[in-house]
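Here is a short report on one protein chain. Look over the sequence and the model first, then read on.

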Amino acid sequence: MTRACGAGTLVLAATPIGDPRDAAPRLAEELRGAAVVAAEDTRRLRRLCQALDVQPSGAVLSYHEHNEASRTADLVARLEAGERVLVVTDAGMPSVSDPGYRLVAAAVAAGVRVTCVPGPSAVLMALAVSGLPVDRFCFEGFLPRKAGDRARALAELAGERRTMVFFEAPHRLAVMLGAVREAFGGARRAAVCRELTKTYEEVVRGSLDELVAWAEGEVRGEITVVVEGGSPVVASLPEAVRAVGERVAAGERLKDVCAAVSAETGLSRKALYDGALAARHTD
């Protein structure tokens with residue numbers, strides 16, 4: 001167990017995903033007061049500060065995927081020395097598909113206090129406007145770029161019941177949607193959310209078949225894709241019990257298999273477990 005000590009404070013601050021007016025008032029306060037502002041792109045930070053009419057009082061340095069490993073130790077040293085370090089990325093919350101996680105992990109290991117300034121989130125906004133169920137969801141970030149890796153990642157998600165949220169680059173959107181359709185089927189509902197909070201904000205909803213056809217045209221801007229979770233596979237208990245038995249015979253643990261088959265079929269774990277045990281005694 002780790003507990004924050006009395007050193008400095010690491011602050012993760014969400015930045016607007018488009019409209020500067022969405023910035024939390026605390027963001028300006030933190031920019032003014034932090035001893036160090038670590039920014040994914042210092043030029044974008046400069047434009048944001050101009051929009052917020054604020055001038056950082058501390059040192060401003062770059063902190064991105066290419067120097068994250070080398071800069072983390074220096075930032076942790078500053079934190080241990082009692083400084084307040086603010087981390088901002090180009091949009092949204094640091095460490096969520098952006099730089100920041102490495103520093104958070106190192107700060108926690110060093111016993112440094114970590115907090116955040118909440119704010120805009122493309123994930124939550126896309127979920128809210130998608131029209132898809134939001135009671136349970138998972139965030140999958142960017143899918144792998146290589147076709148084989150992407151197909152394997154989607155195969156693992158084929159039985160996912162929760163609504164899924166992905167990020168994607170506009171020039172790869174058509175390929176990504178095609179791969180999702182291949183894995184989940186063309187009838188699965190989804191929504192492509194483009195340029196959220198910006199002038200040309202657009203949300204396109206439909207089946208994966210429809211969205212694949214739509215994405216064949218030119219698509220620009222920041223993209224968030226929301227995909228409906230899968231429905232339980234309709235299966236009888238005896239069929240499912242036989243499937244459990246086959247997997248256990250192949251070397252899997254009975255408890256793990258029952259949990260997996262329950263998730264896939266909607267059948268009770270206990271019913272599957274009891275059925276598998278009963279089948280053993282009758283063999």
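A residue is called buried under 20% relative accessible area, exposed over 50%, and partly exposed in between, using a 1.4 Å probe and protein chains only. By that rule R78 is partly exposed, at 26% relative accessibility.

This is a predicted model, in which local features need pLDDT of at least 70, side-chain atom pairs count only at pLDDT 80 or more, and totals for chains, interfaces and linings use all residues. Residues are numbered from 1 along each chain as its sequence is written, and side-chain values use heavy atoms, with hydrogens and water left out.

**The chain as a whole**

The chain has 11 helices and 10 strands. These are DSSP runs numbered from the N terminus: helices are H or I with at least four residues, strands are E with at least two. The C-alpha atoms fill a box of roughly 75 × 50 × 30 Å along the principal axes. Of the 283 residues, 42% are buried.

Contact means heavy atoms within 4.5 Å. Among contacts with a separation of 6 or more, 72% come from residues 24 or more positions apart.

The chain exposes about 15100 Å², and carbon and sulfur atoms supply 50% of that area. Areas come from the Shrake-Rupley method with a 1.4 Å probe.

**Charges and salt bridges**

The chain carries 35 positive and 37 negative charges, and their mean positions are 3 Å apart. Lys and Arg count as positive, Asp and Glu as negative; His and the chain ends are not counted. Each charge is placed at NZ of Lys, CZ of Arg, CG of Asp or CD of Glu.

Side chains of opposite charge can pair when their charged atoms come close. How many salt bridges does the structure hold? There are 18. Each is a side-chain nitrogen of Lys or Arg within 4 Å of a carboxyl oxygen of Asp or Glu. The table lists some of them.

| Pair | Closest N and O atoms |
|---|---|
| R84 and E30 | 3.0 Å |
| E83 and R78 | 3.5 Å |
| R194 and E202 | 3.0 Å |

R194 pairs with E202. R194 is buried at 15% relative accessibility, while E202 is partly exposed at 30%. Elsewhere, salt bridges that share partners join R26, E30 and R84 into one network.

R84 forms a salt bridge with E30. This pair links distant parts of the chain: R84 lies in strand β4 (residues 84-88) and E30 in helix α1 (residues 25-33), 54 residues apart. E30 is buried, at 9%, but R84 is partly exposed, at 29%.

E83, the partner of R78, is partly exposed at 27%.
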